[in-house]
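Welcome! Keep the picture in view as you read.

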Amino acid sequence: MNISESVNQQILKALDKLIQVVAQLRSKEGGCPWDLAQTQQSLIPYIIEEAYEVVDALHSQNQEAIADELGDLLLQVVLQAQIAQEKEYFNLENIAEIITAKLIRRHPHVFDNLEVTSEAEIHHNWEVIKQQEKADKNESNLLSDKLKTYARSLPPLMASQKISKQAVKIGFEWENAEGVWDKFREELAEFQEAIEQKNMLHAEEELGDLLFTIVNIARWYKLDPTIALQGTNNRFIKRLSLMEKYVDRPLEEYNILELESLWQKAKKQLN
């Protein structure tokens, strides 16, 4: 047995232990009441939460935290597989087989004899194969159906990014960047007008249009709005944390001018 085989066996042993632990948690005899109460649907918020915590750990580049959060995400996969297995829908083996077959099928330049000359060609082949897979399953290839899936399954900001990029493929695009800025100014004016008219339902719609336009501006300049907003959130928290270190009483006891002064002091220190 070589070192590689030994490592693989250790990995499989660890995965098998995790599968056994999850099965015990779901056991009607001596299992955990909380785990037993879970369903495929009830676990959805945890899957989303764990995925975001993985992303946060990756941004931090704390390798211990990354491993920890990936473990939490892996638990969600194993738990979903256990629940499905109990209902005889599918199991973890099926999941592994499906994704393995998909990877092989979508990489003919690696696992077959297809020759490619660029990443663009690889991406094109990937999309062609995906469309054929949908046709084989009698799934819709309509763009609108794909966009509905994005809207249903992704966080709104991320869904907007996907929808925007797909819309470009069928010609929904401005001729130049100035066209996007004109759209931004138009949507901003409509949002302000709705606010002034105190029509909050309409204002909410216009706010959505404004945010969608900002997503398109980000796409034009090859910026990621999700990463940008996360950065702003983190900077705000860091500045607020510094403000809390400067004060001798709760922040809510300070007036707006005092808070602004503290904010500028924190901002200057972090720059």
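This is a predicted model, and the mean pLDDT of the protein is 93, with 99% of its residues reaching 70 or more. Among the elements of the protein, H4 has the highest mean pLDDT, at 98, while helix H7 (residues 119–136) has the lowest, at 86.

**Helix H4**

- H4 covers residues 63–86, and its 24 residues should span 34 Å at 1.5 Å a residue; the end C-alpha atoms are 34 Å apart, so the expectation and the model agree.
- What caps the N-terminal end of H4? Asn-62 does, with a side-chain oxygen 3.1 Å from the backbone nitrogen of Glu-64.
- Just after H4, you can find Glu-88 with a positive phi of about 60°.
- The buried residues of H4 include Ile-66, Glu-69, Gln-76, Val-78 and Leu-79.

**Where H5 meets H7**

- The axes of helix H5 (residues 92–106) and H7 come within 10 Å of each other and cross at roughly 130°.
- Because of that angle, H5 counts as oblique to H7.
- On the H5 side, the contact is made by Lys-102, Arg-105 and Arg-106; on the H7 side, it is made by Trp-126, Ile-129, Lys-130 and Glu-133.

**Two residues of helix H10**

- Glu-187 is found in H10, which runs over residues 177–196.
- Is Glu-187 buried or exposed? Its relative accessibility is 5%, and buried means under 20%, so Glu-187 counts as buried.
- Leaving aside neighbours within four places in sequence, Glu-187 touches Glu-206, Asp-209, Leu-210 and Thr-213.
- Ala-189 also lies in H10, but its relative accessibility of 40% falls between the cut-offs of 20% and 50%, so Ala-189 counts as partly exposed.
- Ala-189 and Leu-210 are 21 residues apart in sequence, and their C-alpha atoms are 9.5 Å apart in space.

**Helix H11**

- H11 (residues 200–220) has 21 residues and reaches 30 Å from its first C-alpha to its last, close to the 30 Å expected at 1.5 Å a residue.
- Among the buried residues of H11 are Ala-203, Glu-206, Leu-210, Thr-213 and Val-215.
- Just after H11, Lys-222 takes a positive phi of about 55°.

How values were computed: Residues numbered from 1 in each chain as written. Predicted model: local features only at pLDDT ≥ 70, side-chain atom pairs only at ≥ 80, totals over all residues. Heavy atoms only, no water. Helix = DSSP H or I, 4+ residues; strand = E, 2+ residues; numbered from the N terminus. Expected span 1.5 Å × (residues − 1). Buried < 20%, exposed > 50% of the residue type's maximum accessible area, 1.4 Å probe, protein only. Polar contact = N/O pair within 3.5 Å; in protein donor to acceptor, adjacent residues only side chain to side chain. pLDDT = per-residue confidence, 0-100. Axes fitted to C-alpha atoms, helices over the stretch in contact; angles between N-to-C directions. Parallel < 35°, antiparallel > 145°, perpendicular 65-115°, else oblique. Contact = heavy atoms within 4.5 Å.
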